[in-house]
Amino acid sequence: MNGQLNPNEPFPSGRDTEKVITQHGFKITTRKLPILKAEPIERMTDALGIAPPEMIFGDNLASIEHQASGWNIQFNAFDALDRVDKTGSSMLQVAHSKEWQSSREKKHEGITEVVKPFDWSYSTDYKGTEQSRSTLLEPSNTPIPLELLKRPDPIIFFDEVMLYEDEMADNGITLLSCKVRVMPARLLLLCRLFMRLDGVMVRIRDTRVYIEFATGEVIREYTAREDKYESVRQKLAMKGRDVPAELREPNNLVELLPVVDQKLERVLLK
């Protein structure tokens, strides 16, 4: 499912807003369009079974396709939201729901009327939508070779694509976005969920897709980090940081958060 805008609206077509580069048989595509309007949001709500975030970029995507094998991986808002807990029964949600509701009740009268039985933080463990005519990513112990990514190689393609964002009734922020960086010999895609629920929790879930063009090796690394909001705030204060500013910057928070889950997968494409 990918909500499509009305072709009669005065917006550019998807093709006009796509950026495409092909490198060593890998086709990399990004697409950026305005936030969805009411009608496609209604269709998405019906299909998902939950209300989507405040800002939903349902036509945006980042994709990588290996043309010879037919393998491809795509990152889009609908599939990411389809991985959100729709029952409110996840262990993490239960553990923090009372704190969350309590913190909101102080600011919003009648909070019980707006809390729905799904994860309002829109936290997703989405790792991309993978398709192939043959081989798929499989569990592995092979890490992404960080030393190769530290080389001062020229960047021949870069883009950032927003998928969704929500301010959780002014109690924090959740956003999901993708960045893709293509060098002459390799590429790296990062899909990051950043969730900060003020007074409760800070969470970052990163999916990295690394491809070495010469060998056709694809490595996917998923890392979930999180900690209590107060713990993160104290760590920042001890370092003498500007706490309110730093809490808005996931790049400055990621190393402060303990890892709670990590998965590695690999496939060799020919």
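**Figure 1. Overview of the predicted protein chain.** The secondary structure of the protein chain comprises 7 helices and 13 strands, where helices (H or I, at least four residues) and strands (E, at least two) are DSSP runs numbered from the N terminus. This is a predicted model, in which local features need pLDDT of at least 70 and side-chain atom pairs count only at pLDDT 80 or more, while totals for chains, interfaces and linings use all residues. Residues are numbered from 1 along each chain as its sequence is written, and side-chain values use heavy atoms, with hydrogens and water left out. Of the 270 residues in the protein chain, 49% are buried, meaning under 20% relative accessible area with a 1.4 Å probe, protein chains only.

Figure 2. Eight strands form an open sheet in the order β3-β8-β9-β10-β11-β12-β13-β7, with antiparallel pairing; two strands pair if DSSP finds at least two bridges between them. Strands β3 (55-56) and β7 (138-139) stand at the edges with a single partner strand each, so one side of each has no neighbour in the sheet. The antiparallel pairing of β7 with strand β13 (residues 259-268) runs over 2 bridges. Within this view, E138 lies opposite R266 in β13.

**Figure 3. Helix α5 against the sheet.** Helix α5 (residues 229-238) packs on the sheet and touches β10 (186-197), β11 (201-212) and β12, contact meaning heavy atoms within 4.5 Å. The direction of α5 makes about 90 degrees with that of β12; axes are lines fitted to C-alpha atoms, for helices over the stretch in contact, and angles run from 0 to 180 degrees between N-to-C directions.

**Figure 4. The surroundings of T223.** T223 belongs to strand β12 (residues 217-228). This residue counts as buried because its relative accessibility is 6%. The side chains of T223 and Q262 are joined by a polar contact of 3.0 Å, a term for a pair of N or O atoms within 3.5 Å; within protein, one must be able to donate a hydrogen and the other to accept it, and residues adjacent in sequence count only if both atoms are side-chain atoms. With neighbours within four places in sequence left aside, T223 is in contact with I204, R205, D206, V259, D261 and Q262.

Methods
Buried means under 20% relative accessible area, exposed over 50%, partly exposed in between (1.4 Å probe, protein chains only).
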